[in-house]
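Here is a briefing on charge pairing and nonpolar packing in one protein model. Look over the sequence and the structure before reading on.

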Amino acid sequence: MPQQLSAKEQSLFRTVVRNYEDKQYKKGIKAADQILRKNPKHGDTLAMKALIMNSQGKTDEAFALAKVALQCDMKSHVCWHVYGLLYRAVKNFEEAIKAYKFALRLEPESAQIQRDLALLQIQMRDYQGYIISRRSMLQARSGLRQSWTALAVAHHLAGDLAEAERVLTAYEETLKNPPSKTDFENSEAVMYKNSLIAEQGNIEKALEHLTAAGKHNLDRLAVLELRATYLAKLERKEEAIKAYRALIDRNSEYKKYYDGLIEAMGLAATDHMARKAVYDEFAEKYPRCDAARRLPLDFLEGEEFREAADKYIHRMLDKGVPSTFANLKHLYSNPNKKALLPALVQQYIDSGRSAANEEPKRNGDTSKGASAAYYFLAQHYNYYLSRDLEKAMEYIDKAIELEPESVDFHMTKARIWKHYGNTQKSSEIMEKARTLDVRDRHINTKAAKYQLRNDESEAALKTMGMFTRAETPGGALADLHDMQCVWFLTEDGQSYVRQGKLGLALKRFTAVYNVFDVWQEDQFDFHSFSLRKGQIRAYVEMMRWEDHLREHPFYTCAALSAIDVYIKIHDKPLTNGTNGSADANGEDAAERKKAAKKARKEAQKAEREAAAKKAEPNKPTREGESDAKKKDDDPDGVKLAATSEPMADAMKFLIPLLQFSSKSINAQIAGFEVYIRRKKYLLALKCLLAAAALDREHPKVHEQIVRFKLAIDKDIEGVPAKSAEVIKSEFTLLPASVRKLLAPDSVGQCGKDAVGVLQLPTITSEEAKEVLELLSSWKSSEVESFRKAAAAKWPKASAF
């Protein structure tokens, strides 16, 4: 039998709840203890105390106390609700849902429990459960549009579009007075319902609804775009043409509108002159429009292309538009256009048209005319489809000579040095470009990125620190973590890998993994916010984006890098127990100890500053805000690098990678590397077959085929005979690396063959770098001869 509280203690219990909501945790604990002195087995109070302790970071004690609370009062909905909240805090959503359902069974009328349960169900994509919860919430509060909209969204996400539409129609029928024309929530609901009708394929009905209900909609652009799309699909060509012309009048730079207009007009793809006439009409109507002049270059050929391209390039170079090459480089897939464009620019220079530039030059501006033309040619010869780095450097130097203060010109010069393979020189030039405009965040990040590529981690952090908050505890790096600067964390991690500081590298890659976890969990905030604000279309789009969150290239890049580090640790464990490779010398270890000591001092300084701020008189602070940031007990990633099960840790990165990036051959190759080391032969075979299906000729695929065969020959009982037969059929072309695996004694000959690849005319410096790493891993005697030959072939590359 649960203990009953007196009126005074009930008032005190309400104070405990209020203290928790206000984040006054110490006061809440004190009030709870006051109740428990007289009623030590009061379940609700024990539960609230557990909830407060969890907020203070005492998770284990909180769970233990919550279990005691349940033992004292198994039929208390508060105890079960708190138990669910604790599980949610540790991201065990399945157990949290079970606890919420039990609490709801005890208190079916609790709106708070019902809401928490619904949020977890949609987070877990339990659409059927979410429909049930939303229907219950609608019955409890049927007067709120939010309740109806939420139920419609639940049916929509579950795939029942007709029922979602019916729910929205039912709500509209309950309205006695029509909503105001300026009602944003109603405006969004109308457009959402229209999208539901269109998704069902009933375009005629969607157009009728849009015409009737969307007449005074606040999102005018969406209405116009949808109307044009519907008219085109219904083949009402005259109206569709008129609609697309109206859209182009609103925004003459949007390619999609031009494509829609041409499709509505029924112009054939081969009728170049008729299509060009459409663009010419708008080019004449809008003299400053770029799209109407650029887009015809995509389909024009021969003399027509030459004439149009000459006019376009002349106009852009006269204006000195920096993005001219970026606008045209997609045309390089056509060999004729790739050859003609630089010829037109060279002709522009030779003809003296640059000197006769009609565009005004103000304040000594020389970025127009000749300098812009040299800049274009430098980018042309730096582009991978037309690369000639010597010519690229020649032209960019000419451009810089005309305009030595141009940031863009120096950035391109840095890229040229990067393609030479000289990371030090490219970093220096990019830093010079940054100093030309110290207020530009873009060039600041570019400079930092190039410094990281040159393994200047401290310099890069200092560069980024120019645009971070100086007052952030922990400095610039902590602020970059707070801002979720994923590109920096990934590049920094890859730099530490090259430096042999594997602990710090894993620290950065794990931080990226955690950022994606945060993005996943951030949905919680929007499940209720978006419905409350009526932003339904954006919410549904966000949900669909979240479902494929880890397809993002940023995650793929960080995950592959992290898996590679764990493989290195597995193959060659770190013997010094800190950052660095197993071959690190004592001097490096001393440097690392020095860095760790410096980091500890900085952390202690931050704690002292936080304590001083907390003790500042006459300044009221809430407990949640005044607490210092949680201390990182592994700032250098030593514990991460000292893992005893690196392959198990790699699985955390690998599973989402294979799930969401199954079409990435690098993901499949990484999967094989992990599974073969874990002796999961069937899973390794699955990755190997997937990689072979994506690119049968990939050299790593050939190597892994043989490694798999060697592995199953040693442990044939672990793999079914049928799978072994499949692998045998894949055993075809064998590069040198594979011959070395089959015959370890042939390392010398394989090394000589590897040196011979430098004679191949198509080999790049990046490929040569991979060969060098391979020879080093074999401990081949040909390493130095290969390095010298590569340095002779690429004298400006710093890798050799």
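What follows covers salt bridges and then nonpolar cores.

The model is predicted. A search of the whole structure finds 33 salt bridges. The largest nonpolar core has 80 residues, and another core, of 53 residues, lies apart from it.

**Salt bridges between separate elements**

- Lys193 pairs with Glu172 in a salt bridge, with the closest N and O atoms 3.0 Å apart.
- Lys193 sits in helix α11 (residues 184-199) and Glu172 in helix α10 (residues 161-174), so this pair ties together parts that are 21 residues apart in sequence.
- Lys193 is buried, because its relative accessible area of 7% falls under the 20% limit.
- Glu172 is partly exposed, at 35% relative accessibility.
- Arg537 forms a salt bridge with Asp219, and here the closest N and O atoms are 2.9 Å apart.
- Arg537 belongs to helix α31 (residues 536-546), while Asp219 is in the loop between α12 (203-213) and α13 (220-233), so the pair ties together parts that are 318 residues apart in sequence.
- Arg537 counts as partly exposed at 24% relative accessibility.
- Asp219 also counts as partly exposed, at 27%.

- The side chains of Arg787 and Glu784 meet in a salt bridge at 3.6 Å, N to O.
- Both residues lie in helix α44 (residues 783-793), 3 residues apart, which is about one turn of the helix.
- Arg787 is partly exposed, with 26% relative accessibility.
- Glu784 is partly exposed as well, with a relative accessible area of 45%.

**A salt-bridge network**

- Salt bridges link Asp571, Glu673, Arg677, Lys700, Glu703 and Arg707 in a network.
- Side chains of opposite charge can pair when their charged atoms come close.

**Nonpolar cores**

- In the largest core, of 80 residues, those with the most contacts inside it are Tyr258, Leu297, Phe305, Leu328, Leu341 and Ile396.
- Helix α21 (residues 370-382) gives the most to this core, with 9 residues.
- Ile396 touches Tyr375, Ala378, Phe409, Thr412, Lys413 and Ile416, leaving aside residues up to four places away in sequence.
- The separate core of 53 residues includes Ala559, Phe672, Tyr675 and Ala684.
- In soluble globular proteins, nonpolar side chains tend to be buried together.

Conventions. Residues numbered from 1 in each chain as written. Predicted model: local features only at pLDDT ≥ 70, side-chain atom pairs only at ≥ 80, totals over all residues. Heavy atoms only, no water. Salt bridge = Lys/Arg side-chain N within 4 Å of Asp/Glu carboxyl O. Helix = DSSP H or I, 4+ residues; strand = E, 2+ residues; numbered from the N terminus. Buried < 20%, exposed > 50% of the residue type's maximum accessible area, 1.4 Å probe, protein only. Core = buried A, V, L, I, M, F, W, Y, C linked by side-chain atoms within 4.5 Å. Contact = heavy atoms within 4.5 Å.
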